[in-house]
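Here is a short briefing on the fold of one protein chain. Please keep the sequence and the 3D view open while reading.

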Amino acid sequence: AGLIEVVGHQADQFLGPLGIRCFHETPMSTPSHQLNPGVRQELVACLREAMGNVIRHSQATEVWIRITCDDATLRVGVEDNGTGFEPEVVRRGNGLKNFEERMHRVAGTVTINSRLGGGTHIEFQVPLLHSSRIAWN
């Protein structure tokens, strides 16, 4: 629940003043076990970077943030209605590399789907069952 509140607040804080409408879809209930603080930290950093990419590159007017979870996996998606890009053509800058590195540190994954003129959808997935056992250096 704490992650949901942080994500919603930051999205409104980043996007609202720029006139980008932000819609939130969150689960009615969450699994009973707590998210490892390190996992939460990495997810929040990824979401900040994703919203920064929307602001800097997408020319979007609307963003959807979707959080879903079951007993095994937490999924956090950021989708925009912006200009999109061709993932296989675009130079992989620090932001995209950071997504992969951060998710790797928490045994998670990132999926990026985009096409020119069709917006971008980024989804971060983190396993919940063993998140409390992830080592933090």
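In this predicted model, five strands form an open sheet in the order β1-β2-β3-β5-β4. The pairing in that sheet is mixed. Three helices and five strands make up the protein. Along the sequence they follow the pattern α-β-α-β-β-α-β-β.

**The sheet**

- β1 (21–25) and β4 (109–114) are the edge strands. Each of these two pairs on one side only.
- From one strand to the next, the twist averages 10°.
- β1 and β2 (residues 62–69) run parallel. Five bridges join them.
- E25 has R66 in β2 as its bridge partner.

**Helices on the sheet**

- Helix α1 (residues 2–15) packs on the sheet. Helix α1 touches β1, β2 and β3 (73–80).
- The direction of α1 makes about 170° with that of β1.
- Helix α2 (residues 37–58) lies across β2, β3 and β5 (120–127).
- Relative to β3, α2 runs at about 10°.

**How α1 meets α2**

- Two packed helices are described by the angle between their axes and the distance between the axes.
- For α1 and α2, the packing angle is about 20°. Their axes are 11 Å apart.
- Because angles under 35 degrees count as roughly parallel, α1 is roughly parallel to α2.
- The crossing of α1 past α2 is right-handed.

**Residues at the helix contact**

- On the α1 side, the contact residues are G2, L3, V6, V7, Q10, A11, F14 and L15.
- On the α2 side, they are R40, L43, V44, L47, R48, M51, V54 and I55.
- What is the make-up of the contact of α1 with α2 by class? The contact has 12 nonpolar, two polar and two charged residues.

**The chain as a whole**

- The protein has 137 residues, and 40% of them count as buried.

Methods:
Residues are numbered from 1 along each chain as its sequence is written. This is a predicted model: local features need pLDDT of at least 70, side-chain atom pairs count only at pLDDT 80 or more; totals for chains, interfaces and linings use all residues. Side-chain values use heavy atoms; hydrogens and water are left out. Two strands pair if DSSP finds at least two bridges between them. Helices (H or I, at least four residues) and strands (E, at least two) are DSSP runs, numbered from the N terminus. Axes are lines fitted to C-alpha atoms, for helices over the stretch in contact, and angles run from 0 to 180 degrees between N-to-C directions. Contact means heavy atoms within 4.5 Å. Angles under 35 degrees count as roughly parallel, over 145 as roughly antiparallel, 65 to 115 as roughly perpendicular and the rest as oblique. A crossing is left-handed if the near helix is turned anticlockwise from the far one by less than a right angle, and right-handed if clockwise. Ala, Val, Leu, Ile, Met, Phe, Trp, Tyr, Cys and Pro count as nonpolar, Asp, Glu, Lys and Arg as charged, and the others, Gly among them, as polar. Buried means under 20% relative accessible area, exposed over 50%, partly exposed in between (1.4 Å probe, protein chains only).
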